[in-house]
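Me: Please take a close look at a single part of this model, and go through it in one connected account. I would like its pairing described strand by strand, with the rest of the chain as background.

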Amino acid sequence: MNPRLIAISGPAAGQTFLLRGERLTVGRQPESDVELASLEVSRRHCELRRAADGRYSVVDLESRHGVFVNQRPVRERRLEHSDLLTVGGSVLLFLLDDSSTTGAAAPIPADVPFVAASTVARKPSELVYLDPTRVGAGLPAQVRIARDLQTLLRTSAALQGPLALEALAERLLDAVLEVVPAARAAVLVHEPGAGELAPLAARNRDGGGGFAASPGALEPVLRDKVGVLASGTAGSLLASPLLDRDGEVAAVIYADSPAPEAFDERHLDLLGTVAVLGSAAFQNALHLRRIEGENRRLRDHQLHHDMIGESASMRRLFDLVARVARAASSSAVRLISSE
């Protein structure tokens with residue numbers, strides 16, 4: 001075997017790196033075996049390690065943007081001939097002299113609880129669909145971006161105008177289930193201090209009932225206000241925050257699938273873009289709900305005030321009390337005079 005990496009895109013595009021030792025490091029620092037001078041690449045991003053049988057695995061070194069093999073996020077994965085590694089904005093092709101070493105994947109137990117094997121975090125400013133230069137660069141090579149943009153434009157139009165909170169949540173679910181291959185999706189409302197996220201709207205693609213999210217996987221969304229893509233043995237999930245007018249997390253758009261590799265970075269970008277488009281509409285819907293609640297409170301207060309002293313029946317009662325009081329006063333004066 002003569003294993004090697006060929007840089008297809010990125011700062012090292014066109015270079016070939018032979019894997020001769022036990023390890024090959026990839027990162028932004030000059031000491032790396034494969035130096036990728038990009039801010040999207042961590043200083044020590046990942047490394048390729050050779051096992052006793054001569055096979056190589058890629059291992060994520062707690063990088064900021066994660067490592068992807070064939071567009072799937074991984075923490076550690078054995079490499080096969082012609083696998084594509086994505087590190088930041090660079091794509092590296094892994095090659096062997098022969099491909100006879102490929103093996104079958106182990107079966108996944110059906111009843112394993114969800115534990116994230118890898119997690120990717122992304123800020124709204126990093127979403128590819130909100131960066132015209134990155135979208136324009138991708139259009140010639142990825143026709144599906146054009147289709148995704150059409151879907152996002154329809155989503156943006158559907159979110160225009162005043163909408164009740166529940167109606168807005170349903171439209172967001174329409175958009176999510178159109179752009180990502182999720183089995184379930186939900187809009188989860190975040191009330192500070194209330195503990196768990198409460199579903200405002202939830203939907204199963206197959207029409208089944210019941211919904212429960214994985215709260216541990218959503219902690220980065222609430223804490224760091226970022227979208228996440230997580231995968232584990234029991235499935236995969238996507239989540240992105242809807243922010244209120246103060247920039248705090250008001251709700252979370254959530255989608256999951258029982259398939260461990262159902263989603264990739266493209267789906268994370270799509271869900272995050274739907275969340276950005278939906279945040280302004282969500283803020284308006286929240287504001288509308290608060291105004292309606294305040295109007296109800298004022299009406300209830302006015303009704304209570306009328307009941308206490310301004311209703312016709314109460315005015316008649318007050319008149320009767322006044323007449324009785326005057327009559328009692330006159331009788332008392334006459335009694336005093338007669339004495």
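Reply: A contact here means heavy atoms within 4.5 Å. Of the contacts in the protein chain between residues at least 6 apart in sequence, 53% join residues at least 24 apart. The model is predicted: local features need pLDDT of at least 70, side-chain atom pairs count only at pLDDT 80 or more, and totals for chains, interfaces and linings use all residues. Residues are numbered from 1 along each chain as its sequence is written, and side-chain values use heavy atoms, with hydrogens and water left out.

On confidence, the chain has a mean pLDDT (the predictor's confidence in each residue, from 0 to 100) of 78, and 71% of its residues reach 70 or more. Residues 98-112 stay under 50, and the model gives them 12 contacts beyond four places in sequence.

Two strands are taken as paired if DSSP finds at least two bridges between them.

Start with β3 (residues 23-27), which pairs with β5 (residues 46-50) in the antiparallel sense over 4 bridges. Here arginine 23 faces arginine 49 of β5 across the pairing. Salt bridges link Arg23, Glu47 and Arg49 in a network, where a salt bridge is a side-chain nitrogen of Lys or Arg within 4 Å of a carboxyl oxygen of Asp or Glu.

Leucine 48 has valine 58 of β6 as its bridge partner. The two strands form a hairpin with 5 residues between them, and glycine 54 in the turn has a positive phi of about 90 degrees.

From β6 the sheet continues to β9, an antiparallel pairing over 3 bridges. Valine 59 stands opposite glutamate 76 of β9. Beside this pairing, the side chains of glutamate 62 and arginine 75 form a salt bridge at 4.0 Å, N to O. Glutamate 62 is in the loop between β6 and β7 (67-69) and arginine 75 in the loop between β8 (72-74) and β9, so the bridge ties together parts 13 residues apart in sequence. With a relative accessible area of 62%, glutamate 62 is exposed, while arginine 75 is partly exposed at 37%. The cut-offs are under 20% for buried, over 50% for exposed and in between for partly exposed (1.4 Å probe, protein chains only).

In one of them, arginine 203 and aspartate 174 have their closest N and O atoms 2.7 Å apart. That pair links distant parts of the chain, arginine 203 being in strand β14 (residues 198-204) and aspartate 174 in helix α3, 29 residues apart. Arginine 203 is partly exposed at 25% relative accessibility, and aspartate 174 is partly exposed at 42%.

Another salt bridge joins arginine 184 to aspartate 256 at 2.5 Å, N to O. Arginine 184 belongs to strand β13 (residues 184-189) and aspartate 256 to strand β17 (residues 249-257), distant parts of the chain 72 residues apart. Arginine 184 is buried with a relative accessible area of 19%, and aspartate 256 is buried at 10%.

Among the helices, α5 (residues 265-310) contains histidine 267. This residue counts as buried because its relative accessibility is 7%. Apart from neighbours within four places in sequence, histidine 267 contacts Val179, Val180, Pro181, Leu238 and Ala262. Val179 is also one of the buried residues of α3.

Over the whole chain of 339 residues, 39% are buried.
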